[in-house]
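Trainee: Please take one part of this model and go through it closely, from the chain as a whole down to single side chains. I would like each term to come with its cut-offs.

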Amino acid sequence: MTPASRGKVSPYPIEHFVADLDETPVAAVDSATSDGAPRSLWSEAWRSLRKQPLFIISSLLLLIVVVVALFPGMFTSQQPNDNCLLANSDGGPAPGHPLGFTLQGCDILARVVYGTRSSLLVGLMATLGVVVIGGIIGALAGFFGGWIDAILARLGDIFFALPLILGAIVVVQLPFFRENRNVWTMVLILVAFGWPQVARITRGAVLEVRNADFVTAARSLGVSRMSALIKHVIPNAVAPVIVIATISLGTFIVAESTLSFLGIGLPPDVMSWGNDIFSAKPSLRSNPTAIFWPGLALSLTVLSFIMLGDALRDALDPKSRKR
């Protein structure tokens, strides 16, 4: 504006537009749309899992496997070691024996059904053992750090350097294990060589959580370090452990079957898929169905656990979920 025009009045009236306060209340401007309370990690994971065909299919297959293991009499009226006649050796399907007979003349269906329990029990107990041992060691190493982390990490490296199957083959040849081969000795051997992987996963998860704000707040309120670890850190670091445990369960079932196939796993009088595959080796060319059906049961079960682990990983990993 020039000095000459400062004293002049504009011929055009200046209009000011002011919004009516009743039309635009402050509450309406500041309000935010909310769908309710925020969902937790587990509720979000369950919401995602229900929509995944991979999770539904694997869960249904595993449910069938569990029911077969718990109630084998619902799926066959034959006993696995009764009526084993050499006259039926490598025989084909017959009335009451839809899958045929083994080399010893036993019913294949009964052997597969009753062998589910031992194979699944070894996998479940071995997984439980490695989660407990590996979880405790990994949580302590990741949370406390320092010399505790150094010692436990080196201990894990020693066992991690030993392959699972090779280490089990060596240990099972020791006099005690060779003379006492059963489900529990197999579990003990698999746990001894399987915990380092879970320990590493747990350690990494605990390292991510231990410096979180809620852990710092709990410590500032007087919560001890051990209480903070148990009540706050572990519940928020358990998601990747669940994923690796699900996949490891299938791995341990395969390991037991591999040792039994090599003749150094479960004793012959214990029915398992690995023992059935081992017993069917001589008749592989003449009667391949004797090795096909236990192999199919083993493959479907392990595949189901791997599929379930993949589905859980996608649901529990916030970075992989689509927003």
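Mentor: Among contacts (heavy atoms within 4.5 Å) in the protein chain between residues at least 6 apart in sequence, 71% join residues at least 24 apart. This is a predicted model, in which local features need pLDDT of at least 70 and side-chain atom pairs count only at pLDDT 80 or more, while totals for chains, interfaces and linings use all residues. Residues are numbered from 1 along each chain as its sequence is written, and side-chain values use heavy atoms, with hydrogens and water left out.

The protein chain holds 13 helices and zero strands, both taken as DSSP runs numbered from the N terminus (helices are H or I with at least four residues, strands are E with at least two). Of its 323 residues, 40% are buried, where buried means under 20% relative accessible area, exposed means over 50%, and partly exposed lies in between (1.4 Å probe, protein chains only).

Now to helix 4 itself. Two packed helices are described by the angle between their axes and the distance between the axes. For helix 3 (residues 53-70) and helix 4 (residues 108-144), the axes come within 7 Å and cross at roughly 105 degrees; such axes are lines fitted to C-alpha atoms, for helices over the stretch in contact, and the angles run from 0 to 180 degrees between N-to-C directions. Helix 3 and helix 4 are therefore roughly perpendicular to each other, since angles of 65 to 115 degrees count as roughly perpendicular, those under 35 as roughly parallel, those over 145 as roughly antiparallel and the rest as oblique.

On the helix 3 side, Val65, Val66, Val68, Ala69 and Leu70 meet Val113, Thr116, Arg117 and Leu120 of helix 4. By class, this contact has seven nonpolar, one polar and one charged residues (Ala, Val, Leu, Ile, Met, Phe, Trp, Tyr, Cys and Pro count as nonpolar, Asp, Glu, Lys and Arg as charged, and the others, Gly among them, as polar). Thr116 deserves a separate mention: this residue of helix 4 is buried, with a relative accessible area of 4%, and, leaving aside neighbours within four places in sequence, Thr116 is in contact with Val65, Val68, Ala69 and Trp273.

The loop between helix 3 and helix 4 contains Asp90, which is partly exposed, with a relative accessible area of 22%. Most residues other than glycine have a negative phi. Asp90, although not a glycine, has a positive phi of about 55 degrees.

Helix 4 also takes part in covering helix 5, whose buried residues pack against helix 4 and helix 8 (183-209). In helix 5 (residues 146-160), the end C-alpha atoms are 21 Å apart, which agrees with the 21 Å that its 15 residues should span at 1.5 Å a residue, the expected span being 1.5 Å times one less than the number of residues. Asp149, Leu152, Ala153 and Gly156 are buried there. Seen down the axis of helix 5, these buried residues fall within an arc of 105 degrees, so they line one face of the helix, the arc being that of the directions from the helix axis to the C-beta atoms. The face of helix 5 turned away from this buried side carries the exposed residues Trp147, Ile151 and Ile158.
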